[in-house]
Amino acid sequence: MDTGTYGYPKQGVKKIDPSYDVPEGVDIRGRYDEEFAKILTKDALKFVAELQREFRSHIRYALECRKEAKRRYNEGALPGFDPATRYIREGEWVCAPVPPAVADRKVEITGPVERKMAINALNSGAKVFMADFEDALSPSWENLMRGQVNLKDAVAGTITFNDKARNKVYKLNDQTAKLFVRPRGWHLPEAHIFIDGEPATGCLVDFGLYFYHNHAPFRQTQGAGFGPFFYLPKMEHSREAKIWNNVFERAEKMAGIERGSIRATVLIETLPAVFQMNEILYELRDHSVGLNCGRWDYIFSYVKTFQAHPDRLLPDRVLVGMTQHFMKSYADLLIRTCHRRGVHAMGGMAAQIPIRDDPAANEAALELVRKDKLREVKAGHDGTWAAHPGLIPACVEVFNNNMGNAPNQIKDAKRDDAASITEEDLLQIPRGVRTMDGLRLNTRVGIQYVAAWLTGSGSVPLYNLMEDAATAEISRVQNWQWIKYGVELDGDGLGVRVSKELFSRVVEEEMARIESEVGKDKFKKGMYKEACKIFKRQCTAPTLDDFLTLDAYNYIVIHHPKGPAKL
């Protein structure tokens, strides 16, 4: 028997699990962890809750407007320039001057907010590291909260990682990249934090927690009086940029810092947004540091926007590059728009990763990267993206050789020739063939990406490319469209039409190939079968889901039992 000090039986003392100290109306359903509690402080959560309460109706309205636009496109309408905002497009105005700390952004590296990857990215020699809570991260509670811990340590300059397997300690160099943070898109909830009885908005959690803890040290050590700096994803309309601008102003007021301190680059990665570039910059003009060509998501958005237009089917996705007329027009117009408004026009992602066991293949991949970056710098881009530290020297060399000591090309590459780009240019149907190999690659990559995402990885090396959610999205929507319209695979001389039956057979064969490639043991332990079910269901659904990750998110939400609720 368990006895007390004097031999009497102990009274039943109920052990109370530790829980987060939360403000009124906030309920945390994620696992308790002492490290996480340093992020989820009462005051930080109060700030997030204030943002949620102030902006939730605006966010809801913006998402309803997206649905309404989708309905119009599905009924045959095409996206285009808005006549009501012509005065903004034609007006002579510029954004606030670029902060000196981020004048030079020639090469930026991107990756998830994972500890070791963050250290390597900050040490990579790139000018900027975009730390990602969005497409390169699987948004499990552990990943999101550890990501916030990692960023807090990175801003403080104290981040280290002890890799016991390699017997190596990772820490920051004296010179590091400037940190930009990408929160999730407006559409994604955070189901581990409830505010007033409903899931919080994911991006307000990502932004709010990071800003609250890091604005003061960041401005001192990295921003030279400006910052923090952000990347904003998945926007479709300037009304969404206006919400972000108001969020920034609210945050600046809370922190007692000057208006225009926070700066953000917006990814133009949806087809509707290409017609809103001036308007987006205008709404964010006090907080903008440019636009970026999010080209993989842009291709995904082209298919999604035209899901009900059988005359606008894409060829194999490997054929949809930046030399396609609609893609070149998008990049050229983005450069002209940004430079006319005095901000950076950032190029797209080089997704290649070093091929260590094949020097010839590695050199061929690097040559592709150099060609792509040369095209970008000559077009007038001020900087570019790379997915792996191994690509940074090649990208830096191309930009330095063509730009010399100039930090950017904002004043030099006006691109007035792009003023004549029309709606037709931006919507031109891409040319190319559709093949069985294309269907197979979509299926194989899509399933493997979803399997990795379900097990906690959002940034996945597949076939010598670093893939994130955008690639899986292209794979999914293209398969969906080909199945729906029974397209002919015209590129391999077989003349086969895509059907649900053909797709089922392809899925079966590609699952066998995945098993042989990854090995029986990994295949058994990984969530390949669950991923296959999700991917197959999404590709054959009667109506196309807006985002693959919204469906898959339900598989990674884990609610933990709580201690007594604090009143």
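**Figure 1. Salt bridges across the predicted model.** The structure holds 59 salt bridges, each defined as a side-chain nitrogen of Lys or Arg within 4 Å of a carboxyl oxygen of Asp or Glu. This is a predicted model: local features need pLDDT of at least 70, side-chain atom pairs count only at pLDDT 80 or more, and totals for chains, interfaces and linings use all residues. Residues are numbered from 1 along each chain as its sequence is written, and side-chain values use heavy atoms, with hydrogens and water left out.

**Figure 2. The salt bridge of E236 and R66.** The two side chains meet at 4.0 Å, N to O. The pair links distant parts of the chain, 170 residues apart. E236 sits in the loop between β9 (229-232) and α7 (238-255). R66 belongs to helix α2 (residues 42-74). Helices (H or I, at least four residues) and strands (E, at least two) are DSSP runs, numbered from the N terminus. E236 is buried, with a relative accessible area of 17%. R66 is buried too, at 10%. Buried means under 20% relative accessible area, exposed over 50%, and partly exposed in between (1.4 Å probe, protein chains only).

**Figure 3. The salt bridge of R115 and D153.** Here the N to O distance is 2.9 Å. R115 lies in helix α4, and D153 in helix α5 (residues 141-156). The pair links distant parts of the chain, 38 residues apart.

Figure 4. D372 and R375 meet through their side chains at 2.7 Å, N to O. Both lie in helix α12 (residues 359-379). They are three residues apart, about one turn of the helix. D372 counts as buried because its relative accessibility is 16%. R375 counts as partly exposed, at 26%. Elsewhere, salt bridges that share partners join D132, E134, D135, R182, K234, E269 and D297 into one network.

**Figure 5. The closed barrel.** Eight strands form a closed barrel in the order β2-β3-β6-β9-β10-β11-β12-β13, with parallel pairing. Neighbouring strands of this sheet are turned by 30° against each other on average, direction ignored. Two strands pair if DSSP finds at least two bridges between them. Strand β2 (residues 107-112) and strand β13 (residues 383-386) run parallel and are joined by three bridges. E108 stands opposite W385 in β13.

Figure 6. Helix α4 (residues 115-122) lies across β2, β3 (128-132) and β6 (178-182). The helix runs at about 165° to β3. Axes are lines fitted to C-alpha atoms, for helices over the stretch in contact, and angles run from 0 to 180 degrees between N-to-C directions. Contact means heavy atoms within 4.5 Å.

**Figure 7. Strand β7 and its antiparallel partners.** Strand β7 (residues 189-195) is mostly covered, with six of its seven residues buried. Strand β1 (residues 26-28) pairs with β7 in the antiparallel sense over three bridges. D27 stands opposite F194 in β7. Four bridges join β7 to strand β8 (residues 198-201), again antiparallel. The bridge partner of I195 in β8 is E198. The hairpin of β7 and β8 has two residues between the strands, and D196 takes a positive phi near 55° there.

**Figure 8. A nonpolar patch on the surface.** V318, L319 and V433 form the patch, with about 240 Å² of accessible area together. Patches are made of residues with over 30% relative accessible area and no salt bridge: like charges are joined within 9 Å, nonpolar side chains (Val, Leu, Ile, Met, Phe, Trp, Tyr) within 5 Å. Accessible areas come from the Shrake-Rupley method with a 1.4 Å probe; for residues, only the protein chains shown count as cover. V433 lies in the loop between α14 (423-427) and α15 (436-454). At 35% relative accessibility, V433 counts as partly exposed.

**Figure 9. Backbone details in the loops.** A cis peptide bond joins G227 and P228, with omega about -5°. P228 is placed in the loop between α6 (202-221) and β9. A224 also lies in the loop between α6 and β9. Phi of A224 is near 50°, a positive value in a residue other than glycine. A224 counts as exposed, at 61% relative accessibility. N167, in the loop between β4 (160-163) and β5 (168-171), has a positive phi near 55°. N167 is exposed, with a relative accessible area of 72%.
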